[in-house]
Amino acid sequence: MFSTKISLHNSHVWIRRACIYVRSMSNSAEPTAKRSAIMKIGTHNGKFHCDEVLACYMLRQLPEYRDAEIVRSRDQAVLDECNIVVDVGGVFDPDAHRYDHHQKSFSHSMNSLNTAHPWVTKLSSAGLVYYHFGNRVLSQILGMPEDHPSLPALFRKVYENFMEEVDACDNGINDRDGIPRYHITTTIGSRVAHLNPDWNDPNPDETECFFKAYSMVGAEFADRVKYFHSKWLPARDIVMEAVNTRHEVHESGEILKLSRFCPWKSHLYEIEEELSLTPNIKFALYADPRGQWRIQAVSVHASSFENRMPIKAEWAALRDDELSRVSGIPGCVFVHANLFIGGNATYDGVLEMAVQSLAASQ
């Protein structure tokens, strides 16, 4: 078969009609028998998308695929020689390591594969790889054991805040109904699309473009995983501690005291659902950077402006001495006109604001 070998960023690339092989130069001088043992990840050639680029990146984080070739082809005989195939081939068979989602018979979501997962978005090849290997991928990126107790929460967070978007976009699922008011063109999927060879490039280098996308997607995925581990997860621990000690704050269990300020809202909704918390939390108390204390009403859900319970209505838009006089609570600083947030100079003061607000709404 006709073949051409070119050099690309310390790699040897063989182009054979409808397929592209990429092999590390470190393996190029090895005996033929040893080369045959090199793992191969198969995906399609031609225009690439975020899902198979990300699927390849995730697989190469695993020890068994770390040095694998990425074989880009639609030739079934070539794909049959691969150890694992993503986004091409028309087969979903985890036992055979075939992870395509384009066949008419495919309709799987995370929920259909495991009812413990709530997500019903149809999976792309990236979602399939994440479902089957995601826990191991996260453990490799973060350098933590696969049975680490934090991994299930991280798995969920990464799917909801990175992977599901990739799945939905690849399957043509809009995030809302109706005609959008404007176009969003800077998503990770859009940026991958822009890295494909230009339609009018007389000498396109498809392989080089693919690996530019691979590097970009991989770096962004790893960065997001590390962010959730180092920034998001510690905040969850603070909120969980506050939930567990809420009855020490007030007998109702409806007032939360954070040991320090952190992004708390999304964690609270998740923890309440996980623990089937009843009654739910109405107010969160925390110190601001100046050492004063805040009371914040908990909204009905994450994207709602409606609160489960407002701060006491008589205090709306009052400040300082006037607020202290009307409330009978020393040290008051303010209450917002919409009754969702207020402040006091001391913890005891802000706690009393929460207690009075509870009483006023009952």
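Begin by selecting T346 and G349: at the start of helix α12, a side-chain oxygen of T346 lies within 3.0 Å of the backbone nitrogen of G349. The model is predicted, so local features need pLDDT of at least 70 and side-chain atom pairs count only at pLDDT 80 or more, while totals for chains, interfaces and linings use all residues. Residues are numbered from 1 along each chain as its sequence is written, and side-chain values use heavy atoms, with hydrogens and water left out.

Next, select residues 347-360, which form α12. Helices (H or I, at least four residues) and strands (E, at least two) are DSSP runs, numbered from the N terminus. The 14 residues of α12 reach 20 Å from the first C-alpha to the last, close to the 20 Å expected at 1.5 Å a residue; the expected span is 1.5 Å times one less than the number of residues. Among the buried residues of α12 are Y347, G349, V350 and L351; buried means under 20% relative accessible area (1.4 Å probe, protein chains only).

Now move to strand β10, residues 283-287. Four of its five residues are buried, so β10 is largely enclosed by the rest of the structure.

Two strands pair if DSSP finds at least two bridges between them. Here L256 stands opposite A284 in β10.

Finally, select strand β11, residues 293-297. β11 pairs with β10 in the antiparallel sense over five bridges, and L285 stands opposite I295. The two strands form a hairpin with five residues between them, and G291 in the turn has a positive phi of about 90°.

Key
Buried means under 20% relative accessible area, exposed over 50%, partly exposed in between (1.4 Å probe, protein chains only). A polar contact is a pair of N or O atoms within 3.5 Å; within protein, one must be able to donate a hydrogen and the other to accept it, and residues adjacent in sequence count only if both atoms are side-chain atoms.
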